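Hi,

Here is the structure I promised to pass on.

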Amino acid sequence: MSSVTELTIPFRLPTDPATLEMRRETLITGQVASLNSNLIFERHCELAGLHWALGEPEAALENLGRALRWANENNMVEPIGYLLSLQSATLCYIGQYAAAHELFIQAEAILRRSDDELGVAWAQHLMAREYHLDLDNFMQTLRQAAAVAPVFRAHSIWHAYAESLLAQANAALGLGELRRATEALRQADGLITERNLAWLIPEAHWLRGRIALAEGAPRLAARHCYSGLNAINSGGDLRMLVPIYVTLGKALELDRSQLSAAQDAFERALMASKGRARSLHVAQAYHAAGLHLRRYSQRLTVRARASGYLYEAERRYKVLDLPMPEA
């Protein structure tokens with residue numbers, strides 16, 4: 001029987017979304033009844049990873065629940081820590097951070113009892129990327145991402161190594177350490193190119209755009225965002241669509257001649273948020289769109305729409321139990 005790490009994204013390198021969608025449909029339409037129990041377990045593991053990578057968290061959680069029940073009923077200890085860590089990451093995607101934190105702790109404890117160094121690294125890696133970054137726990141992200149990077153490098157798990165570098169860049173940016181963020185991103189870029197990690201290219205462009213924005217170069221930031229959107233069209237992680245559009249809007253609105261394009265970017269972020277977006281990204285999109293319309297429009301109807309967006313942002317941040325950013 002294949003291991004969870006051989007079946008389940010994020011424990012293996014994802015391919016382009018179209019290929020993932022084709023594989024998902026093949027598994028969904030397969031004749032489950034004709035499969036033996038081991039193959040049914042593998043099918044649920046793989047489906048969970050596919051749904052997670054495609055931004056379909058509810059379906060991912062459903063398949064994870066079935067896989068975990070099978071593993072528990074058959075006294076399979078080895079997969080449980082990996083499955084729980086992915087379940088935790090998925091809960092973060094929908095904003096259930098308290099429940100996710102408990103499962104991350106449980107997953108890491110199980111993997112430590114099994115003396116699984118790589119499994120512990122996976123749990124810490126996902127906690128850094130999916131939990132600590134969402135909660136702006138940037139120092140924890142830096143510590144955990146830096147700690148697991150050598151483990152992934154030693155095991156030649158290049159996509160996870162690149163992800164750990166991207167997480168470090170993101171956290172350093174959050175701390176205002178732009179030089180450190182730029183260096184981590186430079187290392188990630190080299191690895192992405194060397195190992196052909198196309199899935200991660202949109203995230204790298206997004207971070208590059210945010211760094212440029214922090215450095216006071218909005219036109220350069222916008223170019224990076226457009227490159228990120230093109231990378232999604234070329235098979236990159238489509239879950240990055242909303243944050244890239246939000247960053248693009250923030251870059252464009254700094255040029256008064258680009259206000260119409262900025263508004264379009266924010267509206268596209270909101271449209272994309274109705275699909276497969278991360279819950280935090282949806283809240284951020286409403287907040288950014290509302291601020292833009294309130295700042296740059298005098299029309300009463302538009303300002304009313306701005307108030308609606310900001311109200312929705314506040315509501316969503318409350319559901320996530322996170323503070324809404326200051327205006």
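Let me start with helix α5 (residues 78-93): 15 of its 16 residues are buried, so the rest of the structure largely encloses this helix. Buried here means under 20% relative accessible area, with exposed over 50% and partly exposed in between (1.4 Å probe, protein chains only). Helices (H or I, at least four residues) are DSSP runs, numbered from the N terminus. Just after α5, Gly95 has a positive phi of about 85°.

Please keep in mind that this is a predicted model: local features need pLDDT of at least 70, side-chain atom pairs count only at pLDDT 80 or more, and totals for chains, interfaces and linings use all residues. Numbering runs from 1 along each chain as its sequence is written, and side-chain values use heavy atoms, leaving out hydrogens and water.

Next, the cores. A nonpolar core is a set of buried Ala, Val, Leu, Ile, Met, Phe, Trp, Tyr and Cys residues joined through side-chain atoms within 4.5 Å. The largest one has 108 residues, and Phe41, Leu83, Trp122, Phe152, Leu166 and Leu248 touch the most other members. A second, separate core has six residues, including Phe138, Leu142, Ala145 and Ala167.

Ser164 sits in helix α9 (residues 158-174) and counts as buried because its relative accessibility is 0%. His125, in helix α7 (residues 117-132), is buried too, at 1%. Leaving aside neighbours within four places in sequence, His125 is in contact (heavy atoms within 4.5 Å) with Val148, Phe152, Ala160, Glu163 and Ser164.

Best wishes

How values were computed. Helix = DSSP H or I, 4+ residues; strand = E, 2+ residues; numbered from the N terminus.
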